Structures are given as C-alpha cells and as structure tokens.
Amino acid sequence: MTGQPPLTIDLAPLPDDALVYDIVYAPRITPLLAAAEARGLETVDGLEMLVGQAALAFELFFGAPAPREYDAELRALLTA
C-alpha cells in the first residue's frame, strides 16, 4: 500500500480498550495505526497476518504444522 492514499477513519467512537488491526504491512506503521497508537489503543500490524499466512502455507506445503516459535525471527527478517 506504499504510495496509496491513507485510510481515514475517525477513531473517536472506539472505546479505550479497542484493538485496531491494519492488514497493510508496507508501510508497517500506517497512518491508521499511528493514530490508534497516539490515542493509546492496542494495535496489530499487517505483518501479523503475513506471518500467519506463511504458517498456513508451510502447513499446506509440508503437511506439518509450522514452527510458530520462530515467528518473532521471521518478523525481524521481514523488517530488516
């Protein structure tokens, strides 16, 4: 989504314990996530979905569960 216009959403109606999840992973911190973080809301970035899709693809390809204990290392590689 890099280079695309930002998604403008009014976060004011959300409760203080809301979670904002943006499935966009490039850029990792989108304007939506930045606005949610500025308001103190919990956020989840698009890399979470991308890593989850990779785990499912691993399982489909190899016929075995993905080694999810390496998710943090995969995220680090994707952001390096």
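What percentage of the 80 residues in the protein do buried residues make up? Buried residues account for 21% of the 80. Buried here means under 20% relative accessible area, exposed means over 50%, and partly exposed lies in between (1.4 Å probe, protein chains only).

This is a predicted model, in which local features need pLDDT of at least 70 and side-chain atom pairs count only at pLDDT 80 or more, while totals for chains, interfaces and linings use all residues. Residues are numbered from 1 along each chain as its sequence is written, and side-chain values use heavy atoms, with hydrogens and water left out.

Start with the overall fold. The protein has 3 helices and 2 strands. Their order along the sequence is β-α-β-α-α. The radius of gyration is 15 Å, well over the 12 Å that the globule rule gives for 80 residues, so the protein is more spread out than a compact globule. That radius is taken over C-alpha atoms, and the rule is 2.2 Å times the number of residues to the power 0.38. Helices (H or I, at least four residues) and strands (E, at least two) are DSSP runs, numbered from the N terminus.

The C-alpha trace spans about 45 × 30 × 20 Å along its principal axes. The accessible surface comes to about 5,700 Å². Carbon and sulfur atoms hold 62% of that surface. The areas come from the Shrake-Rupley method with a 1.4 Å probe; for residues, only the protein chains shown count as cover.

Now the contacts. A contact means heavy atoms within 4.5 Å. Take the contacts with a separation of 6 or more: residues 24 or more positions apart account for 42% of them.

Next, the loop between strand 1 and helix 1. Pro 27 is found in this loop. A cis peptide bond joins Ala 26 and Pro 27, with omega at about 10°. For background, most peptide bonds are trans. Thr 30 is also in the loop, between strand 1 (19-21) and helix 1 (31-38). Thr 30 counts as buried, at 5% relative accessibility. Leaving out residues up to four places away in sequence, Thr 30 touches Asp 22 and Val 24.

Charges come next. The protein has 4 positive and 12 negative charges, and their mean positions are 3 Å apart. Lys and Arg count as positive and Asp and Glu as negative; His and the chain ends are not counted. Each charge is placed at NZ of Lys, CZ of Arg, CG of Asp or CD of Glu.

How many salt bridges are there? The count comes to 5, where a salt bridge is a side-chain nitrogen of Lys or Arg within 4 Å of a carboxyl oxygen of Asp or Glu. One of them pairs Arg 39 with Asp 16, with the closest N and O atoms 3.2 Å apart. Arg 39 lies in the loop between helix 1 and strand 2 (42-44) and Asp 16 in the segment before strand 1, so the pair ties together parts that are 23 residues apart in sequence. Arg 39 is partly exposed at 30%, and Asp 16 is exposed at 66%.

A salt bridge also joins the side chains of Asp 45 and Arg 75 (2.7 Å, N to O). Asp 45 sits in the loop between strand 2 and helix 2 (46-62) and Arg 75 in helix 3 (residues 71-79), so this pair ties together parts that are 30 residues apart in sequence. Asp 45 is buried, with a relative accessible area of 8%. Arg 75 is partly exposed at 24%.

Arg 75 has another partner. Glu 48 forms a salt bridge with Arg 75, the closest N and O atoms being 3.8 Å apart. This pair links helix 2 and helix 3 across 27 residues. Glu 48 is partly exposed at 40%. Through shared partners, salt bridges join Arg 28, Asp 45, Glu 48 and Arg 75 into one network.

Finish with two more residues. Met 49 is in helix 2 and is partly exposed at 24%. Not counting residues up to four places away in sequence, Met 49 touches Tyr 21 and Ile 23. Arg 68 is in the loop between helix 2 and helix 3. Arg 68 is partly exposed at 40% relative accessibility. With residues up to four places away again left out, Arg 68 touches Val 51, Gly 52 and Ala 55. The C-alpha atoms of Arg 68 and Ala 55 are separated by 7.2 Å, though the two residues are 13 apart along the chain.
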